[in-house]
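Take a moment with the sequence and the fold below. Then follow the short walk through them.

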Amino acid sequence: RTRDGGLPSGAESFPGSFEQLRAIHRHTKSLPPSARADATSTLAGLSADLGVDDLRAVGRHLHHVVDPDGSARHAEEDYGRRWLTMAPLLDGMHAIDGVLDAETAGRLNTALAPFLVPSGSDDTRTTGQRRADGLSELVNTAIAAEQLPTLSGATTALQVEVSLATLTGGSPLPAQLHSSSATPVWLTPTAVDRLACDASVRRLLLDPTGVPLDLGRAVRVFTPAQRRALASRDGGCRFPECTRPAQHTDAHHLEPWAAGGASDLANGLLLCRYHHRQVHEGGWCASPRDSDLGANGPLTFTGPAGQRLESAVPRVRGPAFHPTRE
């Protein structure tokens with residue numbers, strides 16, 4: 001029905017569905033009166049062969065062709081309707097809601113498309129979960145690129161404050177994730193162990209009353225040179241069947257860094273963020289088939305239900321890789 005409660009002109013004899021009729025009315029009502037009748041007739045003639053979504057798309061295109069000035073004006077009005085909110089829930093999760101203009105939504109859908117493909121036969125995530133993980137990947141990539149605007153003069157980074165006891169597995173107490181939210185965000189020791197695999201670590205020494213005494217220099221767990229060598233050796237995620245490229249991976253320690261595991265190539269391998277989480281929180285375990293070669297040789301991935309997947313070392317990509325060289 002129209003805004004005044006009546007039916008669009010010609011509705012009584014329209015052979016299509018009500019949703020098709022409403023789509024036609026929506027895309028013709030704002031056209032110049034001189035073009036409205038022809039546009040309505042054109043769309044009505046196409047309704048027998050098009051579904052509602054396709055009919056809407058044709059209607060938008062027709063509006064651009066018939067009334068380009070009006071389309072430009074409506075595009076600016078639509079852009080003004082954009083909004084996005086993040087609201088913390090009682091359990092620490094966050095709800096995201098909003099409306100995006102068509103151009104931004106198109107870019108976002110394009111960026112998320114590669115992450116909607118399953119990462120192998122073990123990937124049982126829903127499409128919605130893959131989309132959420134894809135958004136997380138985009139955020140990780142943007143932060144790692146260090147090309148975001150500065151905040152209070154500092155580059156944007158994910159900052160986690162954790163006690164030495166929690167980091168080394170001697171305490172079950174959580175760590176705190178610093179964020180702009182007024183609600184504290186807590187991380188489990190397992191999550192901290194995963195984040196510490198491939199991060200910068202800075203020592204903060206406190207006196208017995210909690211007053212900071214010394215702030216050490218930030219040191220990368222894996223150096224940039226080692227990260228490049230891992231990318232050359234592994235090519236991407238080492239989990240069987242996964243095809244995520246190196247830029248969407250973390251450097252994982254076979255023996256945890258916080259437990260004394262060395263940050264060297266034999267103890268490191270690349271895992272995409274989904275499989276990295278599976279190894280830490282999901283019950284999977286990666287182990288070398290040859291202890292002398294470590295991650296430089298084939299690996300066996302064992303799942304929580306006893307699954308066994310074999311991962312050979314991929315063919316070297318790029319410059320020749322020499323495990324003994326820095």
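Predicted model: local features only at pLDDT ≥ 70, side-chain atom pairs only at ≥ 80, totals over all residues.

Cys272 is buried, and its relative accessible area is 2%. Cys285 is partly exposed, at 43%. The reason for these labels is the scale: buried means under 20%, exposed means over 50%, and partly exposed is in between.

Now step to helix 10, which spans residues 273–280. Seven of its eight residues are buried, so the helix is largely enclosed by the rest of the structure. The buried set is Arg273, Tyr274, His275, His276, Gln278, Val279 and His280. What covers them? Part of the cover comes from helices, including helix 6 (127–144) and helix 8 (189–196). Strands contribute as well, among them strand 10 (249–253), strand 11 (268–272) and strand 13 (299–302).

Finally, zoom out to the whole chain. There are ten helices and 14 strands. The chain has 326 residues, and buried ones make up 31% of them. Consider contacts with a separation of 6 or more: 46% of these join residues 24 or more positions apart. The accessible surface of the chain comes to about 20,300 Å². Carbon and sulfur atoms account for 56% of that surface.

Note on methods:
Residues numbered from 1 in each chain as written. Heavy atoms only, no water. Buried < 20%, exposed > 50% of the residue type's maximum accessible area, 1.4 Å probe, protein only. Helix = DSSP H or I, 4+ residues; strand = E, 2+ residues; numbered from the N terminus. Contact = heavy atoms within 4.5 Å. Areas by Shrake-Rupley, 256 points an atom, 1.4 Å probe, with all protein chains shown as cover.
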